[in-house]
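Here are a few friendly notes to read alongside the model. Please keep the structure open as you go through the points.

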Amino acid sequence: MAQAITLAADAPTLSAANTGFMLICSALVMLMTPGLAFFYGGMVRVKSTLNMLMMSFISLGIVTILWVLYGFSVAFGDDKGSLVGWNSDWVGLSNIGLTELWDGTTIPLFVFASFQLMFAILTPALISGALADRVKFSAWALFIALWVTVVYFPVAHWVWGSGGWAFDLGVIDFAGGTAVHINAGAAALGVILVIGKRIGFKKDPMRPHSLPLVMLGAGLLWFGWFGFNAGSWLGNDDGVGALMFVNTQVATGAAVVGWLAYEKIRHGAFTTLGAASGAVSGLVAITPAGGAVSPLGAIAIGIIAGVLCAMAVGLKYKLGYDDSLDVVGVHLVGGIIGSLLIGFFATGKGQSDVAGLFYGGGLDQFWKQCAGVFGVLAYSLIASAVLALLIHKTLGMRVSEDEEVAGIDQAEHAETAYDFSGAGGGAARTAASSPVAPAESKKVDA
Amino acid sequence: MKLITAVVKPHRLDEIKEALQAFGVHGLTVTEASGYGRQRGHTEVYRGAEYTVDLVPKVRIEVLVEDDDAEQLVDVVVKAARTGKIGDGKVWTIPVETAVRVRTGERGPDAL
């Protein structure tokens, strides 16, 4: 996490304004996880809608607990060998004073811990899009717990923790291009290489069941992302957070236009799914870069991300891996684009005085960005594949073929997303499932 | 008695209903249907993946009529359903052995 530089020489004092702002930003980032659930949920077929929603929602439960217990300490505690952090006072968030400030900022440690918690929740949820329709819920829950422990907490330390190798190297990642998006995208690729394709991939039609839900989710993500990005400066004393806010909007708008233009030329239509996906690709790409580039640079990054991600989502059909909802195509590719383009578009007038190639800075920063990108990508890909393999060989990652075909919602959650019996037509069903007293079990014609 | 079944374009439903009412038909049943004949489906694109949707939405209209009216009513339906473009649908009749009005128990043509 990029940290606000306090201008005064004396020790910073608690700022009520920054604290209030950061609490709101934390809540905005929290909203991104349900937003993501809708974004993904609308893209799957009716029979696995609830599972898709739940794969994100469970992260709000599991990761929250682990974060309090040890996650915050591992991610942001005192550096151990440039790889992990540790601070025993933070275990259980128990020995933290109410007015104790996060290093170099004017906000309480509790606020910083809450803000970062929301990132830790969102990142594993992002992975779930690649695993649609086919993963046992218990296996997924276990995977999340292991993954944040082995991958996310350490990688957050690398990138944002003082003493982490990428942080010390000078890799710029304002709000999570590497730690969140490349990390989640590479993990998604690692897991799907282990668990394999959905039954019927490339044969059966797998159309999104509700594009309005996808659009709603994209809107919530976009809204929440202002907190994710602008909040990552942890305060507003020097205007960098505001630059990030502007660039978040600018790049995202540009990416919508870029994706739609590519689609219209290549496939002949301006699709709703393309607009929603374009928005997310722009948000992903500007996440690492928005504090370092100008609004015109943000337009360039947005358009490039929109077009390249629109091209990248087709790769899974050619290469034969089932990245169901394009976590690789959007988050991995978008994260790489945003992280690397900093090397070209950094103006030297934003979060730091480091300039990219187009602003007279040479390729120095670009090479640093490459190191950050490929370090996180390689580690996340391999570690995630190993974790998935461990679970796959013991508990099994996948539901049975029957359950997958019939729909994972019924098998894993004992529910269906929508009651299609409708007015009038529902007579038979209503009779069969009439709510008689709290019965042990009831028969329903689903 | 005969059962006239028409599978036609959904937007012609109102025209057909009015034409039948004008003729003196008192009741009909409509269901949403999908299918294809010479008119094939359309293509949809999701993130570059193209899906051919074969089945086209149609409505199926069913009318029970007396034998004498059948031929003429078929013409009424066909006339109201026609747009002249591919995909206008089909109309056919089949003989019906019996019909009962549930409320009164009337049988045969009286039940219509």
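Which residues does B:V53 touch, not counting residues up to four places away in sequence?

1. Let me start with that contact question, bearing in mind that this is a predicted model. B:V53 touches B:G41, B:H42 and B:E44. You will find B:V53 in strand β4 of chain B, which covers residues 49–53. B:T43 is also worth a look here: B:V53 and B:T43 are 10 residues apart in sequence, and their C-alpha atoms are 5.9 Å apart in space.

2. Along the sequence they follow the pattern β-α-β-β-β-β-α-β. The radius of gyration of chain B is 17 Å, well over the 13 Å that the globule rule gives for 112 residues, so chain B is more spread out than a compact globule. The C-alpha atoms of chain B fill a box of roughly 60 × 30 × 20 Å along the principal axes.

3. Of its 112 residues, 20% count as buried. Among the contacts in chain B with a separation of 6 or more, 68% are between residues 24 or more positions apart.

4. Now for the meeting of the two chains. On one side are 13 residues of chain A, in contact with 7 residues of chain B. Helix α9 of chain A gives the largest share of the chain A side, with 3 residues. By type, the chain A side divides into 6 nonpolar, 5 polar and 2 charged residues.

5. Helix α9 of chain A deserves a point of its own. This helix covers residues 272–289, which is 18 residues, and reaches 26 Å from its first C-alpha to its last, close to the 26 Å expected at 1.5 Å a residue. α9(A) is also mostly covered, with 17 of its 18 residues buried.

6. Finally, a record to set beside chain A. An unreviewed UniProt entry places the feature "domain: Ammonium transporter AmtB-like" at residues 21–418 of chain A. Over residues 21–418, chain A is 67% helix and 2% strand, and the end C-alpha atoms are 38 Å apart.

Conventions: Residues are numbered from 1 along each chain as its sequence is written. Chains are lettered from A and ligands numbered from 1 in the order in which they are written. This is a predicted model: local features need pLDDT of at least 70, side-chain atom pairs count only at pLDDT 80 or more; totals for chains, interfaces and linings use all residues. Helices (H or I, at least four residues) and strands (E, at least two) are DSSP runs, numbered from the N terminus. The expected span of a helix is 1.5 Å times one less than its number of residues. A residue is buried if 20 or more other C-beta atoms lie within 10 Å of its own, exposed if 12 or fewer, and partly exposed in between; C-beta atoms are placed from the backbone. Two residues are in contact if their C-beta atoms, placed from the backbone, lie within 7 Å. Ala, Val, Leu, Ile, Met, Phe, Trp, Tyr, Cys and Pro count as nonpolar, Asp, Glu, Lys and Arg as charged, and the others, Gly among them, as polar. UniProt positions are given in the numbering used here, feature names are shortened, and annotations may be inferred rather than shown by experiment. The radius of gyration is taken over C-alpha atoms; the globule rule is 2.2 Å times the number of residues to the power 0.38.
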